[in-house]
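Here's a quick tour of some charged side chains and how they pair up. Take a look at the model first, then read on.

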Amino acid sequence: MAQESPKNSAAEIPVTSNGEVDDSHEHGFNRDLKCSLPAGLGLSETQITSHGFDSTKEGVIEAGAFQGSPAPPLPSVMSPSRVAASRLAQQGSDLIVPAGGQRTQTKSGPVILADETKNPAMEKLELVRKWSLNTYKCTRQIISEKLGRGSRTVDLELEAQIDILRDNKKKYENILKLAQTLSTQLFQMVHTQRQLGDAFADLSLKSLELHEEFGYNADTQKLLAKNGETLLGAINFFIASVNTLVNKTIEDTLMTVKQYESARIEYDAYRTDLEELNLGPRDANTLPKIEQSQHLFQAHKEKYDKMRNDVSVKLKFLEENKVKVLHNQLVLFHNAIAAYFAGNQKQLEQTLKQFHIKLKTPGVDAPSWLEEQ
């Protein structure tokens, strides 16, 4: 027994059914190990642990500092026996071996994974997928309507108001264009009259025999130029007000109308999709699709109803604003034109004061912001 190696002796350590080492053979194992150790390393400096396999350290030799002659170090971990290895293999599912070599017994059970953060790329991909699906449905609905195969939701009263608004916008744009042309021509005429008045005034000073005649014409042309500038100020104010009405107020309402039409197309597209699913069979595969389609249809229906209400309100406010603005501007335009061609300078100036129109003096720059303060 003393001539066998420690490895063979350790392999013959019997293990009970509970995985504990039989204490009757412990002293024999220590005796054999003492014979196999070098003379420089005493057992007083060595501690052998041979407890059960459920303990924190198992088959480990803890040696103190060696004070004698140098010798090659012994391995600190002993190999377990075959029975112990089989016992360890049975308990492998319940053992976790950390980096330090110690084993901890854990309870088996379901594994719960923490919620992972959403990937931004996956979110963008999902948005692109939804946008593509919505675009496909809307495009299919538009093509079906143009080919006369699909049905569309129509609000007759609201559609009539929208058509009238678009027609009026074209007419107002034509009036605006003509007024701008009149303003340009009147500006050229006023500029010509001013130059002609300066020429007459110069000749009245140099031609003594025609001094009075040139002087009368100079005064007349200067008066016409002055009245023309007053009329030009009234026309430009008319142009600015109509331009605001057409290109801002009406255009804003038409943008809401475009959003309403887009909502109407989406509503009809999802309505058609839901009708097609309802006409098909109802089974375990189609019922979830029908429920999802019903949810999407309801969401787009609410959006469509909201946009229709917004368009109705904006059309009502636009009509009231349009009547008020055009009434004032048409009165201004009429009174200014009539006073100008009647030669009533006081009436022309009174018209500008009535609408709080300030004329710009020719050759004078606009006041700075310090002067305005």
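Asp-268 is buried, with a relative accessible area of 0%; buried means under 20% relative accessible area, exposed means over 50%, and partly exposed is in between (1.4 Å probe, protein chains only). Its partner in a salt bridge is Arg-271, which also counts as buried, at 13% relative accessibility. Asp-268 and Arg-271 sit three residues apart in helix 6, so about one helical turn separates them. Salt bridges with shared partners link Arg-264, Asp-268, Arg-271 and Glu-275 into one network.

A word on where this comes from: the model is predicted, local features need pLDDT of at least 70, side-chain atom pairs count only at pLDDT 80 or more, and totals for chains, interfaces and linings use all residues. Residues are numbered from 1 along each chain as its sequence is written, and side-chain values use heavy atoms, with hydrogens and water left out.

Searching the whole structure turns up 16 salt bridges (a side-chain nitrogen of Lys or Arg within 4 Å of a carboxyl oxygen of Asp or Glu). Here are some of them:

| Pair | N to O distance |
|---|---|
| Glu-229 and Arg-194 | 1.9 Å |
| Asp-268 and Arg-271 | 3.2 Å |
| Lys-206 and Asp-202 | 3.5 Å |

Glu-229 belongs to helix 6 (residues 211-279) and Arg-194 to helix 5 (residues 156-206), so their bridge ties together parts 35 residues apart in sequence. Helices are DSSP runs (H or I, at least four residues), numbered from the N terminus. Glu-229 is partly exposed at 23% relative accessibility, and Arg-194 is partly exposed at 28%.

Lys-206 and Asp-202 are four residues apart in helix 5, about one helical turn. Lys-206 is exposed at 64% relative accessibility, while Asp-202 is partly exposed at 35%.

Definitions and conventions: Helix = DSSP H or I, 4+ residues; strand = E, 2+ residues; numbered from the N terminus.
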